[in-house]
Amino acid sequence: MNKRLNPIAVFDSGAGGISVLKELVRLMPNENYIYYGDSLNAPYGTKPTEEVRRLTIHNTDGLIKAGAKEVVIACNTATSAAIVSLREMYPSVPMIGLEPAIKPAALECKGGRVLVMATELTLRERKFLLLLEKYKDIAEIISLPCPELVEFAEGGITEGKELENYLNTILAPYIHNVDGIVLGCTHFPLLKDAIQRAAKGIKLYDGGIGAAREALHQLKETDLVSNATEGSITFKSSLKGKEDLYRKLFYNT
């Protein structure tokens with residue numbers, strides 16, 4: 001059996017990981033992918049850490065049993081809650097996590113201020129707090145919880161007056177005194193155009209690109225890079241009917 005043709009599994013609490021899937025496909029178009037969103041239990045960002053860990057492990061286990069050669073946890077919240085446990089449980093499966101792009105933002109905005117937009121759970125998790133500690137002397141890092149943005153993305157609302165008003169309201173106190181904005185949830189790049197307009201040209205940073213590069217690196221390290229000439233994408237969800245939203249977001253955002 002040619003394991004190189006097995007799919008890369010991309011997991012998220014819902015639709016947010018589509019932004020990471022887009023980066024993966026852009027970098028590795030000849031791979032096969034299974035995208036699985038747990039929209040039935042979304043959002044993860046407001047749940048207790050232990051519940052997020054349980055849901056993430058349960059769903060990842062199912063993807064591995066379905067033949068995934070690599071798993072990308074395309075959710076900052078799920079990564080924070082479960083990536084350490086997952087790597088211990090499945091040492092032979094390359095396991096890629098997401099983290100807010102604080103490093104590139106801080107390094108490019110040395111001596112300045114960086115705003116991190118994320119879910120409440122991501123902002124209080126140890127993984128995020130360690131990143132804050134690591135880069136606090138390079139740039140001032142400000143946290144902004146905005147779980148409502150997850151709801152916009154899950155509803156397929158990527159444009160419109162309601163979203164525009166919400167973004168203008170939450171970003172108004174910061175747009176004149178920050179140098180960079182980190183999109184610390186994979187749902188947020190799906191709203192990137194709207195966020196960029198509200199941010200008045202401030203540079204946005206997204207961790208999906210780095211995750212895609214690491215996914216390719218791990219496949220090379222384990223000799224699992226696909227030798228096919230073209231790939232495929234299968235969309236699945238724990239909530240019936242959400243697959244159509246995933247396809248729409250992937251092809252139209």
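Analyst: The largest cavity has a volume of about 60 Å³. A cavity here is a set of points on a 1 Å grid over the protein atoms alone where a 1.4 Å probe fits but cannot get out, and its volume is the space filled by probe spheres set on the points. This is a predicted model, where local features need pLDDT of at least 70, side-chain atom pairs count only at pLDDT 80 or more, and totals for chains, interfaces and linings use all residues. Residues are numbered from 1 along each chain as its sequence is written, and side-chain values use heavy atoms, without hydrogens and water.

User: What lines the largest cavity, by class?

Analyst: 5 nonpolar, 6 polar and 1 charged residues. Among them are Asp 12, Tyr 44, Cys 75 and His 187. Lining residues have an atom within 4 Å of a point.

User: And what's the volume of the second largest cavity?

Analyst: About 40 Å³. Its lining includes Glu 99, Asp 206 and Leu 183.

User: Switching to helix 8: which residues are buried?

Analyst: Leu 163, Tyr 166, Leu 167, Ile 170 and Leu 171, buried being under 20% relative accessible area and exposed over 50% (1.4 Å probe, protein chains only). They fall within an arc of 110° seen down the axis, so they line one face of helix 8.

User: Which exposed residues are on the face turned away?

Analyst: Lys 161, Glu 162 and Thr 169.

User: What covers the buried residues?

Analyst: The cover includes strand 5 (113-118), strand 6 (140-145), helix 7 (148-154), strand 7 (180-183) and helix 9 (192-198).

Technical notes
Helix = DSSP H or I, 4+ residues; strand = E, 2+ residues; numbered from the N terminus. Arc of directions from axis to C-beta. Contact = heavy atoms within 4.5 Å. 1 Å grid on protein atoms, 1.4 Å probe; cavity = no way out; pocket = protein on both sides within 12 Å on 5 of 7 lines; lining within 4 Å. Nonpolar A, V, L, I, M, F, W, Y, C, P; charged D, E, K, R; others polar.
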